[in-house]
Amino acid sequence: MTNQLDLEAEIQRLLTEHDRIAEQGITVQHRDNVVILGGEVESPQRRDEICRQVSANFPDVEITCDIGITRAQAPSEVEEIS
Amino acid sequence: MIRIAAVGDVHVDKDVVGRYRPALEQLPDRADALLIAGDLTRHGTVEEARCFAEEFGGLGVPVVVVLGNHDHQSDQQDAVTKVITEAGITVLEGTTTVLELRGHRLGIAGVKGFGGGFAGACASNFGEREMKDFVATTEISSARLGEALRSVAAESDALVALTHYAPVPETLVGEPLEIYAFLGSYQIGQAIDSAPTSLALHGHAHHGSERGRTAGGVPVRNVAHPVIKQAYNVYQLLSGEVDAPLVGAA
């Protein structure tokens with residue numbers, strides 16, 4: 001049986017290596033019997049695909065998807081470099 | 001004074017086209033150039049490169065980029081570079097460009113860079129061929145960055161190093177320590193310090209921190225999109241300098 005740490009590693013590899021995901025910036029945390037996915041992606045479609053693929057590949061694991069969409073508004077401030 | 005906009009890790013594909021554009025339309029009012037610190041695409045395909053070129057091309061200010069590890073995923077980095085270059089965007093890899101902005105010369109040297117780690121936990125050029133290849137990749141990339149920076153230093157009023165991988169550990173804070181060696185290398189920092197660099201920009205570390213400094217005192221900014229949480233940051237250089245009128249300006 002896959003232990004908890006191996007499960008997290010396997011989910012991380014799926015997130016990076018799956019053709020339809022290719023995300024390296026997603027965090028995977030285990031809390032009680034739930035795996036919580038965190039971090040940010042560039043579109044709602046990508047977030048939904050991650051949750052779909054992780055659920056499909058690990059059907060026995062309860063998944064909570066806390067992934068956000070990175071905001072893309074123009075900045076309001078300038079930083080002076082010295 | 002010149003202002004440069006910067007972002008990294010935009011990972012453009014069909015689903016992202018249009019998301020950045022409203023902020024990019026405002027960019028010429030806020031900055032004189034846009035620098036992008038790699039991971040332009042998701043898988044490094046030609047189709048994704050076209051999406052990137054559509055989203056970030058034709059801005060009305062110069063756009064200068066380096067590729068990231070995602071842009072190498074499909075082994076089509078040369079074709080990706082060609083598509084982006086044909087859209088009028090400058091792609092740096094061991095090369096330089098000098099932009100004339102408000103009468104000042106902004107020198108930019110760029111490489112993708114590579115991993116290897118930092119003091120106390122860095123890989124060595126020793127042992128298996130695979131390990132030596134890994135470390136040699138960083139050594140070669142860092143050397144090319146150093147040479148490129150030094151080659152344009154004399155003709156630049158301000159000098160920027162643009163990489164995908166990180167040159168210092170400070171801007172990785174927030175990432176697991178275990179993966180620092182895959183996020184950057186101290187040798188990139190040494191290359192940046194080998195020239196009178198004004199600012200070093202990188203991406204790659206989505207959970208890292210925005211600000212750091214090299215051992216030699218050069219400001220470092222991690223501009224990965226999930227770190228800056230907006231379409232781009234704007235940095236002001238040469239604040240004390242009086243701007244000369246652009247040649248040919250009315």
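Two strands pair if DSSP finds at least two bridges between them. Strands here are DSSP runs (E, at least two residues), helices are runs too (H or I, at least four), and both are numbered from the N terminus.

Now apply that. In chain B, strand 5 and strand 6 (residues 104-111) run antiparallel, joined by 7 bridges. Thr97(B) stands opposite Ile108(B) in strand 6 of chain B.

Before going on, a word on the model. This is a predicted model: local features need pLDDT of at least 70, side-chain atom pairs count only at pLDDT 80 or more, and totals for chains, interfaces and linings use all residues. Residues are numbered from 1 along each chain as its sequence is written, while chains are lettered from A and ligands numbered from 1 in the order in which they are written.

How confident is the predictor in chain A? Its mean pLDDT (confidence in each residue, from 0 to 100) is 91, and 98% of its residues reach 70 or more. In chain A, confidence is lowest in helix 1 (residues 4-17), at a mean of 89. Confidence is highest in strand 5 (residues 79-80) of chain A, at 97.

Axes are lines fitted to C-alpha atoms, for helices over the stretch in contact, and angles run from 0 to 180 degrees between N-to-C directions.

Next, a helix pair. In chain B, the axes of helix 3 (residues 46-56) and helix 4 (residues 77-86) come within 9 Å and cross at roughly 25°. Helix 3 and helix 4 of chain B are therefore roughly parallel to each other. The cut-offs: under 35 degrees is roughly parallel, over 145 roughly antiparallel, 65 to 115 roughly perpendicular, and the rest oblique. Among the residues of helix 3 of chain B that meet helix 4 of chain B are Val46(B) and Phe52(B). By class, this contact has 8 nonpolar, no polar and 1 charged residues. Ala, Val, Leu, Ile, Met, Phe, Trp, Tyr, Cys and Pro count as nonpolar, Asp, Glu, Lys and Arg as charged, and the others, Gly among them, as polar.

Now the two chains together. How many residues of chain A are in contact with chain B? There are 18, against 30 residues of chain B. Contact means that C-beta atoms, placed from the backbone, lie within 7 Å. The chain A side divides into 6 nonpolar, 6 polar and 6 charged residues.

Strand 5 of chain A and strand 13 (residues 233-237) of chain B pair in the parallel sense over 2 bridges. In strand 13 of chain B, Tyr235(B) is the bridge partner of Glu79(A). Further along, 4 bridges join strand 2 (residues 33-37) of chain B to strand 3 (residues 63-66) of chain B, running parallel.

Last, a hairpin in chain A. Strand 1 (residues 26-31) and strand 2 of chain A run antiparallel over 6 bridges. Two strands, 2 residues between them: there, Asp32(A) takes a positive phi near 55°.

Key. Two residues are in contact if their C-beta atoms, placed from the backbone, lie within 7 Å.
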